[in-house]
Amino acid sequence: MIKKYSVKKLLNQGKFLLNKKVLVEGWIRSFRYSIFISLNDGSTIQNLQIVLSTNNKLDKIIMKKITIGSSIKVIGIVKQSIGKKQYIELQSLDITIYKLVNPEIFQKSILQPKRHSFEKLREQAHLRFQTNIFSCIMRIRHHIAFSIHKYFHEHGFFYLHTPIITTSNCEGTGKMFQITTMDLKKNQLIDYAKDFFKCKTYLSVSGQLEAESAALGLGKVYTFGPVFRAENSNTSRHLSEFWMIEPEIAFYHLEENINLAEKFLKFVIRYIVENSMEDLIFLNQCLEKWKKKKKNSLLEKLELILKFPFKKISYTETIKILDQEEKKKNIKFLHPIIWGMDLKSEHEQYLVDKYFKKIPVIIFDYPCSIKAFYMRMNNDGKTVRAMDVLFPEIGEIIGGSQREERYDMLLQRMKDTNIDFNKLWWYLDTRRFGSVPHSGFGLGFDRLVQFITGMNNIRDVIPFPRTPNNADF
């Protein structure tokens, strides 16, 4: 029986398979001189060269039919290539056509061998997996996800599946997508007691609160799943449906939480550098052409993350730095620097990109007035044990805190921030049964993919983006 190989495995093991008969399948990326086929099956950015035989009657018939994008099966003999671009090639013995592509249809698609705008690629999102740039991003996305599970598994965390359907907003603010089986008519009073869950329900914005309750029994847990936010935001960093990683750890204080975030991020980036270099090099070459950036800029950016410790400063220190920089260098921020303000992207970008020269920054001890109710209050009564991790170009990539483990303090914070504690009675209840200091954070998975791949828009690092006015495919 002839053994089937992926293109990646065949290219990697080709020198051990010389003169062996093998089977490969894939899509035709190019067809040159009516004899050379470039075949790709998605397993790698590299193509396998198929050489047709001019003496084979079947190959002559195939030559007349073949179109770019067509899917085929090839049985052939592995040979050392005389060309410089590849070590091996496949001498065709037999070709089976699965599906030919109509040339007229092909010319109207994004699969033509030329550069298309990312906006155009999004219009044909069902086809963009077949393009070099998008298949490259998706392979990296897979390896990032795998490395995340690998890190937590190796460090004693348990993977937790938290609900997607919820009755409460974890953050206490922001719009949520409502779900219902009822016919919602305008100006009609809705009796939710007749709805599927007998109450008003939404798509979740976070699995944190449920993960906290699990951590108080399992010690270390993490979630990795989709979350949903209904803000009408069309920026290059926001999606309506996106993926979050949320570890929660019992007996963890803020300092340990900060260290975990840094070690975790470095582990993931190191894993990608070691296991996705082929795709990173391709992306780096694309960025050089499109953004006219210096050579190896993407790779250097990732190496910089691994090389130096993250900068760690308090919110109060951050405000002082920004205020001094504004006065000293005559910088005009759109939003005035005042203690108690919520830092804007212009402040975060200046701090990371300019002041700390593209070294990630972890800011901690934020004012309680701008942070969520569940964050532990500091002794000063003004700040909470919160922390944000800021990355170059992206801004905030992680938000977390030490959680408020004291029942009375948590209840008071919920009252102060108008949180309906009747809905969150169970969350309060966890503070009455062996409550301990505990911490956690949320990592925006898609933002991490965006940073690692160097893409400008977050819509280009997720298979089918969901944004305002866009729910196609």
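Modeller: Of the 473 residues in the protein, 51% are buried, where buried means under 20% relative accessible area, exposed means over 50%, and partly exposed is in between, with a 1.4 Å probe and protein chains only. Bear in mind that this is a predicted model, so local features need pLDDT of at least 70, side-chain atom pairs count only at pLDDT 80 or more, and totals for chains, interfaces and linings use all residues. Residues are numbered from 1 along each chain as its sequence is written, and side-chain values use heavy atoms, with hydrogens and water left out.

Colleague: How many helices and strands are there in the protein?

Modeller: There are 14 helices and 17 strands. Both are DSSP runs numbered from the N terminus: helices are H or I with at least four residues, strands are E with at least two. The C-alpha atoms fill a box of roughly 85 × 60 × 45 Å along the principal axes.

Colleague: Why is Ala372 called buried?

Modeller: Its relative accessibility is 9%, and the cut-off is under 20%, so Ala372 counts as buried. Ala372 is in the loop between β14 (361-367) and β15 (383-391). From Ala372 to Ala386 is 14 residues in sequence and 9.1 Å in space, C-alpha to C-alpha.

Colleague: How do you know that the length of helix α10 fits its residue count?

Modeller: Helix α10 (residues 315-328) has 14 residues. The expected span is 1.5 Å times one less than the number of residues, which gives 20 Å here; the end C-alpha atoms are 20 Å apart, so the two agree.

Colleague: Which residues of α10 are buried?

Modeller: Tyr315, Thr318, Ile319, Ile321, Leu322, Glu325 and Glu326 are. They fall within an arc of 165 degrees seen down the axis of α10, so they line one face of the helix; the arc is taken from the directions from the helix axis to the C-beta atoms. On the other side of α10, Lys320, Lys327 and Lys328 are exposed.

Colleague: What makes helix α14 mostly covered?

Modeller: In α14 (residues 445-453), 9 of 9 residues are buried. Among them are Phe445, Asp446, Arg447 and Phe451. Just after α14, Gly454 takes a positive phi of about 80 degrees.

Colleague: Why is strand β12 described as largely enclosed?

Modeller: In β12 (residues 241-250), 8 of the 10 residues are buried, so the rest of the structure largely encloses the strand.

Colleague: How do you know which strands pair with β12?

Modeller: Two strands pair if DSSP finds at least two bridges between them. Strand β11 (residues 220-228) has 9 bridges to β12 and runs antiparallel to it, with Tyr222 partnered by Pro247 in β12. Strand β17 (residues 438-444) has 5 bridges to β12, again antiparallel, and Ile249 is partnered by Ser439 in β17.

Colleague: What makes β8 and β9 edge strands?

Modeller: They belong to an open antiparallel sheet of 3 strands in the order β8-β10-β9. The strands β8 (165-166) and β9 (178-179) each pair on one side only, and that makes them the edges. Between β8 and β10 (residues 201-203) there are 2 bridges, and the threshold is at least two, so they pair. Thr166 stands opposite Tyr202 in β10.

Colleague: Which residues line the largest cavity?

Modeller: The lining includes Thr166, Met176, Leu209, Glu210 and Trp426. Its residues divide into 5 nonpolar, 5 polar and 1 charged.

Technical notes:
1 Å grid on protein atoms, 1.4 Å probe; cavity = no way out; pocket = protein on both sides within 12 Å on 5 of 7 lines; lining within 4 Å. Nonpolar A, V, L, I, M, F, W, Y, C, P; charged D, E, K, R; others polar.
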